[in-house]
Amino acid sequence: MNLISGIKLYIDKMCSESGPGMKIILLDKETVRTRPLNRGNFSHIDEPQRHFQTSIISMAFSQSDMLQREVYLFERLDSGRSNERLKYLKCIVFIRPTKQNIQLLANELRNPKYSAYYIYFSNIIPRTDIKYLAECDESESVREVKELYADYLCVNPNLFSLNIPNCMANLNWLPDALTHSMQGITAVLLSLKLNPVIRYRAGSQAAQLLAKLIYEQITKESSLFDFRSNMDGAAPPLLLILDRRDDPVTPLLHQWTYQAMVHELLQINNNRVDLSNRPNVPKDFKELVLSGDQDDFYGNNMYANYGEIGSTIKQLMEEFQRKANDHKKVESIADMKNFIESYPQFKKMSGTVQKHLCVIGELSALSNKRNLFEVSELEQEMACKAEHSAQLQRIKKLIADERVSVEDALKLVALYALRYERHANCDTSGLLQIIKTRGGRAAVVPALIEYAGTHVRQGDLFNMVRITDAVKLTRNLIKGLKGVENVFTQHTPLLKESLEDVFKGRELDPLYPAINSELVPFRRPPQEVVVFIIGGATYEEALAVHQLNNAGYRVILGGTTIHNSQTFISEVLAATNGIQFKHTKSMIKYCSTDNI
């Protein structure tokens with residue numbers, strides 16, 4: 001179950017079916033909030049607003065990869081292009097099957113500019129739309145019309161995103177986000193050839209509604225989902241739909257593995273990092289591509305912790321210096337030949353070393369400037385241990401320290417408010433007063449409690465285990481006896497415990513009811529699991545999934561987006577904007593006027 005391989009196969013199929021010759025790819029208007037592409041990657045695209053389909057391609061292939069497939073131009077279907085006819089070009093159309101896109105494509109086919117059209121929809125298209133397009137193709141320039149289920153962004157081989165930064169308003173689904181989520185998950189299932197049992201988080205209306213829509217789509221398109229039956233008695237695959245509101249802690253924690261740390265401190269957008277606002281960064285490194293598929297060093301080290309990355313980059317530098325010294329010894333024709341043959345690899349290695357040195361340098365500078373080691377240690381302590389009095393004193397000291405940024409101070413208060421929401425001596429209001437004095441956004445904390453307080457959460461987020469729950473009690477005792485190898489990585493996301501329950505064959509009802517119960521009577525645990533988190537996944541959860549896959553399980557993780565702490569806070573504020581707060585009366589003076 002490798003998502004990147006699946007997307008690559010689809011793109012290869014598009015390019016090969018059109019045969020030899022120069023090609024252009026037409027993409028749709030489906031815009032997302034992303035930054036411009038790195039130089040050398042799809043630079044022909046109109047850049048004020050990037051779009052979803054371009055991102056799908058660029059996250060799987062570089063521009064040089066596409067040039068090898070004879071694709072020389074990329075254009076938007078709605079870009080108001082000139083009427084100049086380019087009959088020497090074949091046109092590959094890759095769009096989402098929306099009403100607007102169908103109409104734009106129909107207009108294109110009525111007045112074709114290219115010699116032939118090969119049309120690929122990234123999801124299921126109604127037959128009526130196919131008929132309408134056929135009627136518009138009076139010149140018979142369309143050679144191919146197919147569905148290729150690539151309606152998602154493959155971030156890692158086991159991680160996908162739908163790039164929906166805010167999926168809720170008034171704590172309910174935004175209609176477009178709901179439809180896009182249903183279509184994106186359907187595309188993932190079709191590309192992996194899975195017809196799963198669908199389970200959702202009990203108590204989450206958002207999860208139940210999404211599960212219902214996916215089930216209805218699978219039922220409606222049953223012929224597409226007619227995959228191999230479980231002849232050997234294996235359980236069917238599982239689609240598990242979770243709600244971010246059950247675990248608001250994971251996105252708030254500072255991360256110390258490479259990929260997660262880069263996203264938290266520098267922000268990764270579609271495998272790209274924008275350093276244009278950072279001082280002392282060389283001009284050539286103002287925008288960087290971080291793709292595990294296109295960068296071996298990054299692919300091998302994205303889950304390594306901060307300390308390991310330092311020593312690994314040092315080894316890479318030493319290897320580079322050895323090769324650089326070897327290149328200085330060009331004394332014969334044979335040496336010259338070897339130099340010319342190895343130069344491209346040498347050049348690539350040089351770029352890799354410089355790129356990652358630049359990133360590590362920025363991470364190091366930010367960690368020291370913001371006193372993140374001390375801040376992160378306290379974050380982890382609060383996420384994993386209940387020591388109210390001692391933690392309260394440490395928070396007061398840290399959030400008053402000018403070396404700690406206001407945003408980091410706010411996250412500490414948010415974690416405190418979540419853990420000690422119902423503690424007799426909870427002093428969230430006192431801490432918010434300090435945040436307000438420092439000019440921080442105190443309204444974030446009451447919004448977070450309304451979004452994901454104890455009245456919402458279904459799970460055992462802070463391991464407050466009842467004595468009757470023998471399994472979880474034993475798990476916690478063993479965890480306590482083992483101790484902590486690293487104070488900065490004590491926290492385990494709730495997702496990991498949920499997946500362990502799945503693979504150990506524990507009873508999932510009533511916590512995760514199944515919507516298609518006719519597939520359920522299998523006692524064996526599923527071998528393949530797709531998890532989707534409404535409200536966004538995180539790179540810490542991607543690490544947990546990676547570890548499970550290394551242990552022999554088969555898990556794919558996806559989310560409406562991939563969050564760091566700031567994007568998560570933005571989503572919380574958007575989701576709670578305008579609703580009346582009912583569970584934060586003690587913090588009313590810190591609430592936004594829209595919520596009172």
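These legends describe close-up views of a predicted model.

**View 1. Packing of helix 14 against helix 16.**
Helix 14 spans residues 406-419, and helix 16 spans residues 444-452. The two helices pack at an angle of about 40°, and their axes are 10 Å apart. Helix 14 is therefore oblique to helix 16. Their crossing is right-handed.

**View 2. Residues where helix 14 meets helix 16.**
Helix 14 contributes L410, V413, A414, A417 and L418 to this contact. From helix 16 come V444, V445, L448, I449 and A452. By class, the contact has ten nonpolar residues, with no polar and no charged ones.

**View 3. The salt bridge between K8 and D293.**
The structure holds 26 salt bridges, and one of them joins K8 to D293. The closest N and O atoms of this pair are 2.4 Å apart. K8 counts as partly exposed because its relative accessibility is 23%. D293 is also partly exposed, with a relative accessible area of 34%.

**View 4. The salt bridge between D151 and R96.**
In this pair the closest N and O atoms are 2.8 Å apart. D151 is in the loop between strand 5 (142-147) and strand 6 (153-156), and R96 is in the loop between strand 3 (86-95) and helix 4 (99-110). The bridge therefore ties together parts that are 55 residues apart in sequence. D151 has 0% relative accessibility, so D151 counts as buried. R96 has a relative accessible area of 4% and is buried.

**View 5. The salt bridge between R370 and D408, and its network.**
R370 and D408 form a salt bridge in which the closest N and O atoms are 2.9 Å apart. R370 sits in the loop between helix 11 (333-369) and helix 12 (372-384), and D408 sits in helix 14, so the pair connects parts that are 38 residues apart in sequence. Both R370 and D408 are buried. Through salt bridges that share partners, E264, R370, E379, D408 and K411 are joined into one network.

Key: Residues numbered from 1 in each chain as written. Predicted model: local features only at pLDDT ≥ 70, side-chain atom pairs only at ≥ 80, totals over all residues. Heavy atoms only, no water. Axes fitted to C-alpha atoms, helices over the stretch in contact; angles between N-to-C directions. Helix = DSSP H or I, 4+ residues; strand = E, 2+ residues; numbered from the N terminus. Parallel < 35°, antiparallel > 145°, perpendicular 65-115°, else oblique. Left-handed = near helix turned anticlockwise from the far one by under 90°. Contact = heavy atoms within 4.5 Å. Nonpolar A, V, L, I, M, F, W, Y, C, P; charged D, E, K, R; others polar. Salt bridge = Lys/Arg side-chain N within 4 Å of Asp/Glu carboxyl O. Buried < 20%, exposed > 50% of the residue type's maximum accessible area, 1.4 Å probe, protein only.
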